[in-house]
Amino acid sequence: MATEIQAGKHRFLVDEPSGLAGDDAAASPVEYALGALVSCQVVVFRLYAQALGLTIDEIEITAEGDLDVRKLFGIDESGRAGFHDVRLKVDISGPNSAAEYENLRQVVDAHCPVLDLFSNAVPTASALV
């Protein structure tokens with residue numbers, strides 16, 4: 001199951017846990033998706049904090065997603081194959097007010113490319129070549 005992905009000049013390994021016929025040698029695709037969301041949020045928080053003149057001493061973001069594997073395994077075709085709910089928890093510390101950090105969070109959520117991917121349907125095509 002392990003797959004080596006090349007993204008530009010970078011390579012990384014993706015695998016599945018043993019319950020999905022993998023060796024658990026690396027994070028799964030959905031774990032990478034949540035990781036992409038967290039890392040994108042961190043970048044956009046830092047970019048917009050600087051643009052708005054805010055200071056972030058520390059930031060920790062966690063993501064959890066609810067995934068029902070029944071569609072993946074063909075048990076129930078009515079649900080989604082992917083996450084049906086994702087939650088982000090953002091813990092920021094710094095000298096600015098809670099209201100300023102809440103405004104920053106709203107700005108980040110409006111401008112984070114990976115959050116946009118999670119939040120909106122993206123036209124996608126698949127074809128054998």
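Q: What separates Arg 105 and Glu 102 in helix 2?
A: About one helical turn, because the two residues are three apart in helix 2. The model is a predicted one.

Q: How do you know that the side chains of Arg 105 and Glu 102 meet in a salt bridge?
A: A salt bridge needs a side-chain nitrogen of Lys or Arg within 4 Å of a carboxyl oxygen of Asp or Glu. The N to O distance for Arg 105 and Glu 102 is 2.6 Å, so the pair is a salt bridge by that cut-off. In general, side chains of opposite charge can pair when their charged atoms come close.

Q: Why is Arg 105 called partly exposed?
A: Buried means under 20% relative accessible area and exposed means over 50%, with partly exposed in between. Arg 105 has 29% relative accessibility, so Arg 105 counts as partly exposed.

Q: What makes the pair of Arg 70 and Asp 76 a salt bridge?
A: The N to O distance is 3.9 Å, and the cut-off is within 4 Å, so the pair counts. Arg 70 also meets Asp 68 in a salt bridge, at 2.6 Å from N to O. These residues are partly exposed: Arg 70 has a relative accessible area of 40%, Asp 68 has 26% and Asp 76 has 25%.

Q: How many salt bridges does a search of the whole structure find?
A: The search finds eight. Besides the pairs already described, Glu 64, Asp 66, Asp 85 and Arg 87 are linked in a network of salt bridges.

Q: Are Cys 40 and Cys 112 buried or exposed?
A: Cys 40 has a relative accessible area of 13%, so Cys 40 is buried. Cys 112, at 2%, is therefore buried too.

Q: Why does Gln 41 count as buried?
A: The limit for buried is under 20%, and Gln 41 has 1% relative accessibility, so Gln 41 counts as buried. Gln 41 lies in helix 1. Leaving out residues up to four places away in sequence, Gln 41 touches Ile 61, Leu 88, Val 90, Val 108, Asp 109, Cys 112 and Leu 115.

Q: Which residues have the most contacts inside the largest nonpolar core?
A: They are Phe 45, Ile 56, Ile 59, Ile 92 and Leu 104, in a core of 17 residues. Helix 1, strand 3, helix 2 and helix 3 each supply at least two residues of this core. The largest share, six residues, comes from helix 1. In soluble globular proteins, nonpolar side chains tend to be buried together.

Q: Why is Ile 59 called buried?
A: Ile 59 has a relative accessible area of 17%; buried means under 20%, so the term applies. Ile 59 is placed in strand 3. Leaving aside neighbours within four places in sequence, Ile 59 is in contact with Val 42, Phe 45, Arg 46, Val 90, Asp 91 and Ile 92. Val 42 is 17 residues from Ile 59 along the chain, and their C-alpha atoms are separated by 7.5 Å.

Q: What makes phi of Ala 21 worth a remark?
A: Phi of Ala 21 is near 70°, a positive value in a residue other than glycine. Most residues other than glycine have a negative phi. Asp 24 also has a positive phi, near 60°. Ala 21 is in the loop between strand 2 and helix 1, and Asp 24 is found in the loop between strand 2 and helix 1. Exposed means over 50%, so Ala 21 counts as exposed at 55%, and so does Asp 24 at 52%.

Q: Which residues form a nonpolar patch on the surface?
A: Val 30, Leu 67, Val 69, Leu 72, Phe 73 and Ile 75 form the patch, with about 530 Å² of accessible area together. Membership needs over 30% relative accessible area. Phe 73 is partly exposed at 46%, so Phe 73 passes that limit. Phe 73 has its place in the loop between strand 3 and strand 4.

Key: Residues numbered from 1 in each chain as written. Predicted model: local features only at pLDDT ≥ 70, side-chain atom pairs only at ≥ 80, totals over all residues. Heavy atoms only, no water. Patch = residues over 30% accessible without salt bridge, like charges linked within 9 Å, V, L, I, M, F, W, Y side chains within 5 Å. Areas by Shrake-Rupley, 256 points an atom, 1.4 Å probe, with all protein chains shown as cover. Helix = DSSP H or I, 4+ residues; strand = E, 2+ residues; numbered from the N terminus. Buried < 20%, exposed > 50% of the residue type's maximum accessible area, 1.4 Å probe, protein only. Core = buried A, V, L, I, M, F, W, Y, C linked by side-chain atoms within 4.5 Å. Contact = heavy atoms within 4.5 Å.
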